[in-house]
Amino acid sequence: MKPTGVIAIARRTILQLGRRPLYWFAMFLTPLFCIVFMTSEMREGLPVQAPAAIVDLDRSSMSRQITRTLGAMQMVDLTTNAGNFREACDAMKRGEIYGFFMIPRNFEKDVLAGSSPTISFYTNMTYYVPGTMLFKNFKTVAVYTKAGIVLNLLQSAGMSQEEAMAMVNPVNITARPIGNPELNYGIYLNNGFVPGILQVLIMLVTCYTIFEEVKRNTSPEWMRMAGGNVYKAIFGKMLPQTFWWWIMALFMEMWLFKYCHYPMHGSWFWLTLSELLYVLACQGFALLLCSAVPNLRFSLSICALTSILSFSLAAYSFPVQSMYPAVGILSYLLPARYNVLIYFNEALNGLDIYYSRIWFCAYILFAIAPLALLWRLRPRLLKPSYMP
């Protein structure tokens with residue numbers, strides 16, 4: 001007599017996972033590659049030395065001073081000294097530079113005459129990160145240049161340096177970034193993108209392992225081992241997968257916080273519990289979608305669509321408050337959203353668990369939600385009918 005029960009189903013699942021290279025690729029190679037690749041790409045923290053050009057049409061001592069100031073900035077690499085506007089535009093269109101800073105003709109002469117010359121700068125926002133960083137640095141140089149000119153004019157009019165500075169800069173600003181004082185992009189983005197990739201893989205593997213039984217016409221044998229109980233069948237099928245995804249989640253946590261030395265200001269226990277519950281929430285969300293649409297092609301497509309949308313809807317880089325309300329509310333229907341909120345509270349801000357309790361409850365709701373719809377899978381598993 002063939003073995004039955006949850007343990008027998010779990011053993012059968014382990015053999016299925018181990019025999020197919022597809023599962024090795026999806027559950028082992030891909031997450032490892034993504035974790036290492038993402039952290040390696042952002043190991044510098046901030047983009048540095050973005051290629052840029054200077055268009056100096058004045059060739060005066062003042063314009064050369066501006067050029068030296070711009071070239072000394074950490075995130076600007078003046079690789080090109082363009083002779084005119086069109087030459088700089090062509091270089092930007094070819095992708096050789098991400099922006100250029102243009103000083104007009106007679107700049108120093110106009111400044112000394114008391115007129116208002118215009119400094120122009122252009123950035124290629126198709127490449128959002130380097131374009132934004134160049135825009136910030138170009139604007140800083142332009143503002144400082146204006147302030148320096150006004151300061152010199154005031155001093156030449158008889159004001160002391162202290163009085164002139166009080167007029168040029170009446171309010172001093174001290175910025176203290178909380179949680180991520182280094183302004184490290186990796187600390188912020190990798191702790192959202194890497195769990196987001198893990199969510200995609202968990203949901204797709206969960207969906208495929210269930211409907212693969214239907215595709216291969218082995219689901220009746222699977223249900224026989226569960227005694228016809230679909231809840232027991234799903235539990236046995238998910239058990240080994242859950243343990244494996246827990247290992248990958250813990251590896252991800254150790255890699256980010258121990259190897260990459262990302263800041264950890266809160267409780268290791270609650271952050272670890274968050275990662276474990278995150279795996280259950282992703283599996284539960286996938287099971288909910290599979291139960292609602294018990295078809296391999298459709299359910300895989302829905303799982304892929306919803307998990308991919310989490311990269312934008314989970315508000316890693318665009319705040320929910322700035323989204324359209326009808327779109328922003330969708331962010332709370334994805335497990336990745338709660339993972340990043342708990343990460344902010346626990347790791348970056350070091351807050352008490354009291355402020356994250358509602359997000360942990362959301363994990364539990366995701367994990368138990370499919371229990372209400374699993375009965376829809378039973379007839380499909382007992383009498384498989386695969387539609388390619």
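The structure is a predicted model.

Four strands make up an open sheet in the order S2-S1-S3-S4, and the pairing is mixed. At the edges sit S2 (76–82) and S4 (120–123), each of which pairs on one side only. From one strand to the next, the twist averages 25 degrees.

Strand S3 (residues 99–103) shows both kinds of pairing. With S1 (residues 50–56), it pairs in the parallel sense, over four bridges. Here Ile54 stands opposite Phe101 of S3, and Asp56 has Ile103 of S3 as its bridge partner. With S4, the pairing of S3 is antiparallel, again over four bridges. On that side, Gly99 finds its bridge partner in Thr123 of S4.

Next come the helices. Two packed helices are described by the angle between their axes and the distance between those axes. For helix H1 (residues 6–19) and helix H10 (residues 230–259), the axes come within 8 Å and cross at roughly 50 degrees. That angle makes H1 oblique to H10. The crossing of H1 with H10 is right-handed. On the H1 side, the contact is made by Val6, Ile9, Ala10, Arg12, Thr13, Ile14, Gln16 and Leu17. H10 brings Lys232, Ala233, Phe235, Gly236, Lys237, Leu239, Pro240 and Gln241 to the contact. Sorted by class, the contact of H1 with H10 has nine nonpolar, four polar and three charged residues.

H1 also meets helix H2 (residues 21–41): their axes come within 5 Å and cross at roughly 90 degrees. The two helices, H1 and H2, are therefore roughly perpendicular to each other. Which residues of H1 and H2 meet? From H1 there are Gln16, Leu17, Gly18 and Arg19, and from H2 there are Pro21, Tyr23, Trp24 and Met27. By class, this contact of H1 with H2 has five nonpolar, two polar and one charged residues. Gln16 and Leu17 of H1 turn up in the contact with H10 and also in the contact with H2.

Most residues other than glycine have a negative phi. Asn106 has a positive phi, near 60 degrees, although this residue is not a glycine. Asn106 belongs to the loop between S3 and helix H5 (107–112). With a relative accessible area of 43%, Asn106 is partly exposed. His261, also a residue other than glycine, has a positive phi near 60 degrees. Its place is in the loop between H10 and helix H11 (268–292). Is His261 buried or exposed? His261 is exposed, at a relative accessible area of 64%.

Note on methods
Residues are numbered from 1 along each chain as its sequence is written. This is a predicted model: local features need pLDDT of at least 70, side-chain atom pairs count only at pLDDT 80 or more; totals for chains, interfaces and linings use all residues. Side-chain values use heavy atoms; hydrogens and water are left out. Axes are lines fitted to C-alpha atoms, for helices over the stretch in contact, and angles run from 0 to 180 degrees between N-to-C directions. Angles under 35 degrees count as roughly parallel, over 145 as roughly antiparallel, 65 to 115 as roughly perpendicular and the rest as oblique. A crossing is left-handed if the near helix is turned anticlockwise from the far one by less than a right angle, and right-handed if clockwise. Contact means heavy atoms within 4.5 Å. Ala, Val, Leu, Ile, Met, Phe, Trp, Tyr, Cys and Pro count as nonpolar, Asp, Glu, Lys and Arg as charged, and the others, Gly among them, as polar. Two strands pair if DSSP finds at least two bridges between them. Buried means under 20% relative accessible area, exposed over 50%, partly exposed in between (1.4 Å probe, protein chains only).
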